[in-house]
Amino acid sequence: MRILGLDIGQKTIGVAISDPLGFTAQGITTIKRKNFSSDVEEVKKIYDQYAVETIVAGLPKNMNGTIGPSGEMAKEFCEKLKKNFNPKIEFWDERLTTVAAHRAMLEADLSRAKRKKIVDKIAATYILQGYLDRISKL
């Protein structure tokens, strides 16, 4: 059972994958967004490569719980994924995941340039790990 985590941004998509048993999340790549068909193709390649069962997409919400423009963009991207290859998609509240990712990288003393390259992959890992932790308690 592999689960794919996505942190969908305007310029990049952070990608994380679960271990086969669904206990831990590991960041695997950051997709530089080009155009919709190319972005979907990249996600589909990873989806097929890891025989993914579910995609967990980060849903950016405002601090008051409403969905803003970034959240709408993430939902729209996921709708297009469904139209192209019909994966099972779940949304995960991703508030503060990017903040947590930056904090973890600062604690690891990574340079600004290195942080910029991997922040979305780390955020995807936080999104996926949060989801895995929740389903393990069910």
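This is a predicted model: local features need pLDDT of at least 70, side-chain atom pairs count only at pLDDT 80 or more; totals for chains, interfaces and linings use all residues.
**Exercise 1. A buried charge**

Solution: 
- Start with the position: Asp 120 belongs to helix α4, which covers residues 112-136.
- Next, look for a partner. The nearest side chain of opposite charge is that of Lys 32, at 8.0 Å.
- A salt bridge needs a Lys or Arg nitrogen within 4 Å of a carboxyl oxygen. Asp 120 has no such bridge, although it is buried.
- Finally, list what does touch this residue. Beyond its neighbours within four places in sequence, Asp 120 is in contact with Asp 7, Thr 12, Gly 14 and Thr 30.

**Exercise 2. A patch of positive charge**

Task: Which residues gather in a patch of positive charge on the surface, and which element gives the most to it?

Solution: 
- Collect the members: the patch is made up of Lys 11, Lys 32, Lys 114, Lys 116 and Lys 117.
- Now sort by element. Helix α4 gives the most, with three residues.
- Take one member as an example: Lys 116 lies in helix α4. Its relative accessible area is 70%, so Lys 116 counts as exposed.

**Exercise 3. Pairs of opposite charge**

Task: How many salt bridges does the structure hold? Work through some of them, giving the distance and the exposure of each partner.

Solution: 
- Begin with the idea: side chains of opposite charge can pair when their charged atoms come close.
- Then take the total: there are five salt bridges in the structure.
- Look at helix α1 (residues 36-49), where Lys 45 and Glu 42 sit three residues apart, about one turn of the helix. Their closest N and O atoms are 3.2 Å apart, and the two form a salt bridge. Lys 45 is partly exposed at 47%, and Glu 42 is partly exposed at 27%.
- Move on to helix α2 (residues 69-85). Here Lys 80 and Glu 76 are four residues apart, again about one turn of the helix. Their side chains meet in a salt bridge with an N to O distance of 3.3 Å. Lys 80 is partly exposed at 32%, as is Glu 76 at 47%.
- End with Lys 88 and Glu 90, a salt bridge whose closest N and O atoms are 3.7 Å apart. Lys 88 has a relative accessibility of 45% and counts as partly exposed; Glu 90, at 24%, is partly exposed too.

**Exercise 4. Inside a strand**

Task: Is Ile 8 buried or exposed, and what does it touch?

Solution: 
- Check the area: buried means under 20%, and Ile 8 has 4%, so it counts as buried.
- Name the contacts: leaving out residues up to four places away in sequence, Ile 8 touches Ile 13, Arg 33, Ala 57, Met 73, Ala 74, Phe 77 and Cys 78.

**Exercise 5. Positive phi angles**

Task: Where do Ala 51 and Asn 86 lie, and what is the phi of each?

Solution: 
- Ala 51 is in the loop between α1 and β4. Its phi is positive, about 50°, although it is not a glycine. Ala 51 is exposed, at 60% relative accessibility.
- Asn 86 is in the loop between α2 and β5. Its phi is near 55°, also positive in a residue other than glycine. Asn 86 is exposed, with a relative accessible area of 59%.

Conventions:
Residues are numbered from 1 along each chain as its sequence is written. Side-chain values use heavy atoms; hydrogens and water are left out. Helices (H or I, at least four residues) and strands (E, at least two) are DSSP runs, numbered from the N terminus. Buried means under 20% relative accessible area, exposed over 50%, partly exposed in between (1.4 Å probe, protein chains only). Lys and Arg count as positive and Asp and Glu as negative; His and the chain ends are not counted. Contact means heavy atoms within 4.5 Å. Patches are made of residues with over 30% relative accessible area and no salt bridge: like charges are joined within 9 Å, nonpolar side chains (Val, Leu, Ile, Met, Phe, Trp, Tyr) within 5 Å. Accessible areas come from the Shrake-Rupley method with a 1.4 Å probe; for residues, only the protein chains shown count as cover. The place of a charge is taken as NZ of Lys, CZ of Arg, CG of Asp or CD of Glu.
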